[in-house]
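Here's a quick briefing to read with the fold open beside you. Have a look first, then go through the notes below.

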Amino acid sequence: MEALERTLAAIGPADAGAMARARAHQDRLTKPRGALGELEDVAVRLAGIAGVCPPPLPVPAALAIFAADHGVHAHGVSRWPQEVTAQMVANFVAGGAVANAFAAHAGASVTVVDVGVASDLPESPRLLARKVAYGTADLSRGPAMSAEQALAAVGVGVRVALDLVDAGAACLVAGDMGIANTTASAALICAFTGRDAAEVTGGGAGADAGSLARKIEIVRRGLEVNGVTAPPPAPEGPDRGRREALRRLAAVGGLEHAAITGFVLAAAASRVPVILDGVIAGAAALAAAALAPAAVDHCVAGHRSAEPGHAITLGHLGLRPLVDLELRLGEGTGALLAYPLVGAAVRVMHEVATFDSAGVTGKDGAGRTS
């Protein structure tokens, strides 16, 4: 808990002055004001994160894939056997997954973290063994994690993020792997937004109509059993609010959700941007925002997942996705696709001439765009 408190204490909001300077600089560049749309907002956000204008280029990037299993899998909420989690971890380590291909294309490193896979994995220099437990308990029968397990998993994410930043990463990318983790994600989204299970629960990795209905019922049951059917009450103080956020995370989340929560918090504490992937990372970001609202200032929404709960999550967080390709893979793939756009947005700030420096007449007849 002490490490988490130190991390939370280091998180502050985006630098308003740097954002104002970035917005003014955008308006002086040789283009019509607002012509780059959302990319201008991304550049301004990164200036606010770094506290300088122009912001540093987000190079290099580092993807962390947090892997864990889920006790709720026993209810048939996924058509994939639980063993696939461990098999996909081996695939990441071998470099054969889509995330590996996208990371290579983007020039991002890949770190694979076992935070809760339900089996022992072979040792590998390309795998971080940080197992907190062999998967979670069944969230439909009680808390998925103990408070101690949730805190430990958050701590894993914090440490991974800090180590990557210390190694030189200027942009973090959050990825995941865990069969049945869209069920836990739906429960977390309900727990932090108050939305109904039917609104946020999707098919995940190919659920049919029957298994989707069962999945929705399991999510509802988990919320009721764990007493998280309403959004968190307005906290009387930060300590009480944080305790309730951690309780909800432990009640219906996964070990990878908790780790990504810590990953997001540590990125914010380090003032390094973190690109969120799909519904799993988004659900974790809800927990991070409940623990430290200013953490959202340091997040970029890489894409909008095909899972219905993800659009609701992004709306709740106030984030706009950069890519919408109906992806539903996870692993960090959507965030990796968005990463070059983030870099391009910042490069504009460094390399595009202003009207004055280029001698280009602005629309008022002078070298400015006002």
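**Helices over the sheet**

Let's start with helix α14 (residues 333–351), which lies across β1, β4, β5 (274–276) and β6 and runs at about 135° to β5. Helices (H or I, at least four residues) and strands (E, at least two) are DSSP runs numbered from the N terminus, and contact means heavy atoms within 4.5 Å. This is a predicted model: local features need pLDDT of at least 70, side-chain atom pairs count only at pLDDT 80 or more, and totals for chains, interfaces and linings use all residues. Residues are numbered from 1 along each chain as its sequence is written, and side-chain values use heavy atoms, with hydrogens and water left out.

- Helix α4 (residues 83–94) lies across β1 (61–68), β2, β3 and β4 (171–177), at about 145° to β4; axes are lines fitted to C-alpha atoms, for helices over the stretch in contact, with angles from 0 to 180 degrees between N-to-C directions.

**The sheet**

- Six strands make an open sheet in the order β3-β2-β1-β4-β5-β6, with parallel pairing (two strands pair if DSSP finds at least two bridges between them).
- At the edges sit β3 (127–129) and β6 (299–301), each pairing on one side only.
- Neighbouring strands in this sheet are turned by 30° against each other on average, direction ignored.
- Strand β2 (residues 109–116) pairs with β3 in the parallel sense over three bridges, and Val113 stands opposite Leu128 in β3.

**Helix α6**

- Just after α6, Gly168 takes a positive phi of about 115°.
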